[in-house]
Amino acid sequence: MDVLALMAGVKVDRLPPFEISRAEDASTIAAYRELRRFVFVREQGLFADDDTDDFDDDPRTVVLVARDRSGEVVGGVRLSPFDPGGPDIGWWCGSRLAVYPGSRHRGSGSGSGSGENSKSSSARTDRGDSVGPALIRAACAYAEAAGALRFEATVQAGNERMFRQLGWDSVRPLPVAGAPHVLMRWPIGRLALLAASAKGSLGPLLTGLTGVPGFVGDDGVPVPGSDLIAACDAIVPSMVERDPEWAGWCAVLVNVNDLAAMGATPVGLLDALGARDASFAARVLSGLRRASLAYGVPVLGGHTQLGVPASLSVTALGRAPLPLGPVPGGGGRPGQSVRLTVDLGGGWRPGYTGRQWDSTSFRSGAELRAMVGCLTSAAGAAGAAGAARPAAAKDVSMAGIAGTLGMLAEASGCGAVLDVASVPRPAEATMGDWLSCFPGFGMLTTAPSGFPSVPAPTAGPAVSAVCGELVSGAGVRLRWPDGEEIAVLGGGVTGLGPASVPPLAVIRNNASGSHLAVIRDGGREPAALKVEPPIAGQTFSANGAGTEGT
């Protein structure tokens with residue numbers, strides 16, 4: 001089919017005047033470097049003899065070239081991690097953009113590049129369809145695909161307008177080699193887009209539904225009048241259809257993770273399964289059964305419907321005994337440190353590269369139970385005062401590490417800063433993928449006020465590190481090694497807003513007949529109080545306005 005012939009009223013050439021591709025062989029790299037020498041050494045005189053530098057020796061450096069219809073290299077640009085030889089933390093730069101004079105101003109030409117240092121570039125035309133702008137666009141797309149969350153270039157001041165027209169942001173003037181330059185930054189919105197698509201509709205959708213005061217957007221919810229915690233998760237139907245055993249496993253995984261974030265010990269599961277036939281249902285249930293045995297959480301009951309499209313949801317019940325009770329997702333306050341506890345073992349689930357990290361399916365039951373029990377074991381070690389208990393906790397959901405941190409901050413009525421270089425991350429995952437994927441087991445916690453950090457929990461094979469802090473304001477910013485902070489989430493993730501009433505106190509008769517009160521006020525360290533006289537057979541909870549019976 002001649003697609004071009006069907007585009008009535010649209011004037012296009014049968015063949016593009018140039019084509020952009022990655023330089024894969026030595027001869028193409030040599031042609032690009034010869035182009036650079038022509039532009040930067042002979043034409044512009046920016047370098048005396050040679051413009052090569054450490055970036056050219058970095059094996060991670062990528063060169064994109066533009067070829068004309070004859071196959072000749074007429075333009076090129078390179079991009080690479082910002083620190084040659086250092087770890088790739090998702091900070092990339094573009095540089096050495098160059099185009100031969102004969103391709104700069106004709107039908108789809110472009111301007112020459114410049115590069116006073118290894119991170120500067122320019123093009124001398126504003127034509128959006130020419131070689132220089134096309135190379136810039138290709139570099140942006142490549143950097144994002146490579147997992148970059150920060151992509152910059154230092155350009156000559158005269159080319160700032162063109163970069164802005166291509167969507168770049170001006171950061172600040174940055175003189176280079178005595179010539180005026182501007183640091184430009186390409187806005188990368190993948191974390192915001194993920195958070196918006198995964199969680200952004202929750203606020204409007206859930207308006208008017210009842211809840212439990214003090215628990216907004218939490219991973220689970222306290223069942224009134226008891227120490228039970230309930231959690232519920234549904235698996236994406238396409239995943240159930242595509243990978244039924246994995247879906248069954250994940251249905252247990254995500255629920256026990258939810259209970260773990262609430263500081264609850266799981267006691268049982270209920271499943272609701274829809275399947276086209278018994279054979280398919282058996283595949284889903286085999287994964288669910290295997291996970292149930294691995295985590296040591298029984299399936300108490302459920303419902304199975306055959307002859308319907310694939311669907312799966314699981315409800316989990318756990319206990320968070322008083323006096324400590326559950327850990328709220330909205331108990332954080334500005335100034336508290338943020339800790340990530342995460343399992344780096346395993347690898348990308350086949351078919352879900354960049355989206356689902358499988359760190360659990362190969363683990364022993366003892367290892368899995370150690371991870372999901374990390375907060376309850378900390379509570380046991382701390383005793384009733386809960387000195388090692390976090391003020392807030394959330395398990396990392398499909399919104400990723402950044403999006404989940406945004407949810408914790410939103411429920412806590414504040415913002416958050418994430419130190420990119422301090423985030424524990426497997427070598428096989430790019431920073432962009434890691435901050436946006438589902439990691440299998442990942443837990444974000446904040447330290448109680450007055451404590452520099454929550455002690456690293458005992459979490460089996462998982463690793464743990466302080467990698468951020470809660471701050472005044474809203475949203476999430478990434479903090480880079482040079483001190484630059486870049487906003488990736490501008491405000492609340494869910495639209496549910498902050499937890500209106502944080503859990504303030506729980507008062508219960510103890511064995512001696514007196515009352516033990518544990519107060520958790522705005523994330524402050526719980527304190528044990530004696531309340532007299534005892535009232536036999538009664539349990540009280542304080543809601544901030546007084547004490548009432550429950």
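How does Phe-38 count at 24% relative accessibility: buried, exposed or partly exposed? Phe-38 counts as partly exposed, where buried means under 20% relative accessible area, exposed over 50%, and partly exposed in between (1.4 Å probe, protein chains only). This is a predicted model, in which local features need pLDDT of at least 70 and side-chain atom pairs count only at pLDDT 80 or more, while totals for chains, interfaces and linings use all residues. Residues are numbered from 1 along each chain as its sequence is written, and side-chain values use heavy atoms, with hydrogens and water left out.

**Aromatic rings**

A search of the whole structure gives 9 aromatic pairs; rings of Phe, Tyr and Trp (its six-membered ring) pair if their centres lie within 6.5 Å, and planes under 30 degrees apart count as stacked, over 60 as edge-to-face and the rest as tilted. Two of the pairs are tabulated here.

| Pair | Centre to centre | Angle between planes | Class |
|---|---|---|---|
| Phe-38 and Tyr-100 | 5.6 Å | 55° | tilted |
| Phe-82 and Trp-91 | 3.9 Å | 10° | stacked |

Phe-38 belongs to helix 2 (residues 26-43), whereas Tyr-100 lies in the loop between strand 4 (91-99) and strand 5 (120-121), 62 residues apart; helices (H or I, at least four residues) and strands (E, at least two) are DSSP runs, numbered from the N terminus. Tyr-100 is partly exposed at 25%.

**Strand pairing and a buried helix**

An open sheet of mixed pairing is formed by 5 strands in the order 9-10-13-11-12, with two strands pairing if DSSP finds at least two bridges between them. Strand 9 (221-222) and strand 12 (299-306) are at the edges, each with a single partner strand, so one side of each lacks a neighbour in the sheet. Strand 9 pairs with strand 10 (residues 228-235) in the antiparallel sense over 2 bridges, and Val-221 has Ala-230 of strand 10 as its bridge partner.

Elsewhere, strand 18 (residues 415-419) runs parallel to strand 21 (residues 476-479), joined by 4 bridges. Strand 21 and strand 22 form a hairpin with 5 residues between them, and Gly-483 in the turn has a positive phi of about 90°.

Helix 13 is mostly covered, with 12 of its 12 residues buried, and just after this helix Gly-413 takes a positive phi of about 75°.
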